[in-house]
Each structure stands twice: as C-alpha cells, then as structure tokens.
Amino acid sequence: MQYHLNGFHPGDPDISPAAANTTIERARLPREVDVVIAGCGPAGLCLAAQLSRIAEISTLIVEPKAGPMERGQADGINVRSMEMFQAFGFAEKIKRESVWINETTFWNPDPADPARIRRVGRVQDVADGLSEMPHILINQARVHDMYLDIMRNSPTRLEPEYDLKVATLSVDHDAADYPVTVTLEHTSPERLGQTETVRARYVVGCDGARSNVRNAIGGALHGDAAHQAWGVMDVLATTDFPDYRMKAIIQSESMGSILVLPREGGYLVRLYVELDKLNEDERVADRGLGIDDVIAKCKRILHPYTIDVKEVVWWSIYEIGHRLTDTFDDVPKALVGKRTPRVMLAGDACHTHSPKAGQGMNVSMGDTFNLGWKLISVLTGRSGPELLQTYSAERWAAAKGLVDFDHRWARVVGTRSEVDANDAMPRFQREFINNGEFTAGLTVRYEPSVLTGTDSWQELATGFPIGMRFHSAPVIRLADAKPMHLGHAIDADNRWRIFTFAPQDDSGQAGGAIDSLCAFLESAPDSPVRKHTRSGEDIDAVIDVRAVFQQGFRDLEHSAMPALLRPVKGIYGLCDYEKVFCADLKSGDDIFDMRGVDRRKGCVVVVRPDQYVAQVLPIDAYSTLAQFFAGFLLPV
C-alpha cells in the first residue's frame, strides 16, 4: 500500500481527503448525475465503490430497503472474488473474519441400512495451485460493509440513498447530455409512492430478478425452473453430525439432500435443505411451507444423526430457476455496434440461478468489476463511449456459462447417485472435482476483442492465458526485499499494467531488452504511455509499468534500473520504489517456472484494470503494444 506521495497525512490511509466538490449532507437529491445505480446488493456496491474514488464523477445509488443489509442471502466467496477483494484492499480483513472452506465431504445412504447416511468421500475444496486465496464463507452483509467503508472514506464520501427505488426510466438518444431520465419512487411509509426525477448520463440496474430497470428497457429473463422447493436457514444448533464444520453434501435414500456450510464465527452454520417437488404450474408459495418444515426435513435427512436448532438467525424458502437475459444493456440487436449503451444491467437483474453452486454474489460482483473501470474511463475522457459495448459481450458469455453449469449442478445435487462400482466414487463427488476451477471462479475467458488480444505469442508465457484472470505468483520486491505476490501490485484503481519479464542475463543494464523497452515507453512519440498520459499527471497514471527479473534480489541494484522503473511522482518528485521485482529463489517458487515464462526471450504481459490478461507480447513488439492501447484509449 502506497501513501504520503503528496505530503504526510496522519491517520488511517484508507480514508482519502474529501474532494472539494463533496457534499457530505444532502438535503435533496441532485437533479443531474453521471451515474445512477439501482440497488445496494453486491453488484451495485462493487460498482459504487469504484466510482466513489473518482472525485469528478457524480454517482447516485438508491436502495428500496430502509438501510444496509444485516443478515441472510449469499455467503460464499470464491477464490476469484478474493483476488478481487485484494485489489480493493480488504481481502486480509475478510480472511480474518470468515470461515475457510478447506475440505468438502460427501454422504450417501448406507447400503447396509439405506435409512441411514454415511460418509462416502472427501476432497480438498480448492486444488493446490489454483490461487493464493482461500474459498471462504461470510455473511453477505459484511461484504456490503467493506464496500460501504470504501465509499464513505472515498474523496466523494458516497452514501446510499435508502427508501428509494428506480420506478421507470426513459432514454433520449438525441440528447446531447444526461440522456436518461429516471423516475425514483420513495418506499418509506411516510413518503410511500412519492416520486422524484433525476437525469443521468448512465444508469446501471443492479435491482434484482424483478428489476424495474430491466423492464424499462424491454428486457426479460429467459430460462426454466427445476420445480423444486428448497429451504435455507442460518442456525445456531447442537448436533452429533461429525462434519458439521466442514462443507458437506448429503444425499439421503428418499428424503432429499442437504448442503452443510459452516459460517464465520465458529458456531453459525447454513443448511440448504431439499423440500418438495413442485408441479409444473405450481409456485413454492402455494405450499405454505415455513421454517418448521425446513427443520423437520433436515432432521429426517440427517438420520441417524440428530440436530437441535437453538436459534434461527435467517431463513428463506425458494424455487430453483435458471434464467438469463438476451443482453446486458439497452442497445437493440439491430443497433449493436452503431449505438452505445446508456443503460446496463448487472447481477440478478440479468442472470438468476440456484444458490447451491455458490456463484451468485461472485458473478454479480464480477459483472460490475468489469463495468466499473470502463465507465470511469469513458466519464473521465480516457476512452470513447464505444468502450461500453464490450461489457455486454464479455459478461453475457460469463453468465451463460454460470447458468449452464448451475442447471447441471442443481440436478446432480438434487438427484441421488449411487457409487460408481468402477471408481468407488459417487457421481456428485466426481462432478465436484471436475468442476473445481469453475466453482473457484477461474474459468471466465474473454474472447479476442479491442480489449483482449489473440494467442499469437501465448507460448512466451503459457501460464498467463490471454483473456483469463492474471494468475499471481510469489516474487521479491527489489528495493526492500519484501516477499509478496505479484498480482497484489494490481489495485482496483482503473489503471492498466504492463508487466515486463526480463530475458536471461538481463539485469536492467543499458542497452538491454528491459532498458530499451523502458526507453521506448518513456520517450518515443508513439509510446502508449506518452500518448495517453496527460500533462501534469504522474507517468503511471494510466499505464503502470513494472518489471520482473530472473536473478535474486541481492544480485541486482535498484539504482541501476531504467528511469521508468524508478519514476519520480507527486508534488515533491518522490521516487516510486515499488516497480521492480525478482524471482523468489529462496522459496523455490520461481514465477518464471510457475507461469511458463520463456526464460531466454522474456515477454510483456498486459493486464487489464479488472485483473484479466489482455496481451502477451515479445519485449520488442513496440508497435503492436502501441496499437493495442490506441484501440481503446484516446490520445491526449
């Protein structure tokens, strides 16, 4: 974490100085804003946290509930989301508070007595080498709290407007500015039904499966339902079930299935309990099921083990559904590529599924982590509005993969499977293992586009697949010999990264490959750093260049590095000492070996602001590098 660049400021470095135009207390809503966000769920708050850090962007986020969430709803955080939390700066806090899912166990009916269940398998929950981050469970409300802290400590001091929802909106595509007119409706008892109007440049609907924003742009969710009722409850209970603090998947002979998910704090546990099969024309509400039905069914499935529920913290009954919108924005198919979006959707507003795959909150945050930096780039004049066309294309494909997977997985969990005689493993355990990378959130791959290159030079770094998330690895920071993960140098600050991996025998010396690349980036007229960084800005304000060397940190001198890797920044011209890294030779976790980087040639890895690999290029591919950035960044 870097701070004190523009002078010493005591106190918590996570609290930024308030921007000059910040209004801490607002008596009335603004008439015009850059972005209206509908909904304070994980998607809306993830987006608001990003926008709040940019002083020149005005944001209004509204929520029909009376205040922040306190309990219930989603709880699973996969490793990809934890990597994202690292970029926001609160991964360590989440790791401390949460329960880590280290092992998953599987239970089937006992062949000797099918009325009883028995453990038939267990597996490490996250396979070795997938990520440095754990799979964790924590109350969704605590994730909300983390984003709310970022917002209230940001330069804009952004706070949600509660008791307020987006009722309708309209878009005037001929308007020069603020083309979206939003009608907001009060939901508090004393103002129920009263409305106000706000004009916006962009609107993002994060307002759930019954999204008014989606309805306003003519969108719809398409898909099917499994016609199966499930109950979910967070409980404090006593039990003799031996895997109560493990993630456990239980399939009984005839009573149905249970998912056991331990929760943070050491005592709380979440139980997903399969209830009744529904008729084709029946809704779960028609059954009149309640918490007593959930507890009773749970007890029957757990036989011969017992459970005594002392307190129900939260519960719900739901029907499994798998649905997806045609598009994540307001551009009709006939106008794709001809019109830029003004209204976008994220989270449950555009994809719904069962909670048993543990992906809902994760994919929703992934939506707006993808969208946030793009909106910022457009609103700050770094990119043209056509950049926003990439959002729907990229995230629709990611959501389609989730819905398809969830469709299969919900049926695996809800259908009892015998142990395969050939491998002595039940189907649901085998499927769990085979889908490990998916449930970890690591299979999203963006197709080649203006933001993502082709695999022409993928062989230079086979462990950094283009279009997939940047897979971090250990390094040593040269200036202070700090062991760290290279991916942790990527903050959620909207900047692009160029990681240069030095060829063998390159120590940053004059005339070497790294020095020549740095000279081009620092001084050449067609350098993307020069072309897209404004006068008076720090040299890494848009594109952050860093280098990784093969030698140990004691074999190199920071003072001998090219000037671009020792940039002077801020009002005092202070040196940034955090741009140069070395392979971690002491631990043996050599990033060049771990990520398949060509030792002889080295390479350049370009990473997007949302931590996805955009390009792998030869170190001397200067013109290709420049052309890539020119495809979406405007010249200054």
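Contact here means heavy atoms within 4.5 Å. The model shown in these views is predicted.

View A. Asp590 sits in the loop that runs between strand 27 (580–583) and helix 13 (591–594). Its relative accessibility is 8%, so Asp590 counts as buried, the cut-off for buried being under 20%. Apart from neighbours within four places in sequence, the residues in contact with Asp590 are Ala583, Asp584, Leu585 and Arg599. With Arg599, the side chain of Asp590 makes a polar contact of 2.6 Å.

**View B. Helix 4, residues 140–152.** This helix has 13 residues. From first C-alpha to last it reaches 19 Å, close to the 18 Å expected at 1.5 Å a residue. Which residues of helix 4 are buried? They are Gln140, Ala141, Val143, His144, Met146, Tyr147, Leu148, Ile150 and Met151. An α-helix has 3.6 residues a turn, so residues three or four places apart point the same way.

**View C. Where domain 2 meets domain 3.** Domain 2 covers 98–135 + 224–317, and domain 3 covers 456–629. Their centres, taken over C-alpha atoms, are 46 Å apart. Five residues from domain 2 and five residues from domain 3 take part in the contact. About 320 Å² is buried between the two domains, with 42% of that area given by carbon and sulfur atoms. On the domain 2 side, Gly129, Leu130 and Glu132 lose the most area to domain 3, together 84% of what that side buries.

**View D. Polar pairs between domain 2 and domain 3.** Four residue pairs are in polar contact across this interface, both residues at pLDDT 80 or more. The number of salt bridges found across the interface is zero.

Conventions:
Residues are numbered from 1 along each chain as its sequence is written. This is a predicted model: local features need pLDDT of at least 70, side-chain atom pairs count only at pLDDT 80 or more; totals for chains, interfaces and linings use all residues. Side-chain values use heavy atoms; hydrogens and water are left out. Helices (H or I, at least four residues) and strands (E, at least two) are DSSP runs, numbered from the N terminus. The expected span of a helix is 1.5 Å times one less than its number of residues. Buried means under 20% relative accessible area, exposed over 50%, partly exposed in between (1.4 Å probe, protein chains only). Domain bounds come from an automatic or database domain assignment. Buried area is the accessible area (1.4 Å probe) that two parts lose on being put together, summed over both. A salt bridge is a side-chain nitrogen of Lys or Arg within 4 Å of a carboxyl oxygen of Asp or Glu. A polar contact is a pair of N or O atoms within 3.5 Å; within protein, one must be able to donate a hydrogen and the other to accept it, and residues adjacent in sequence count only if both atoms are side-chain atoms.
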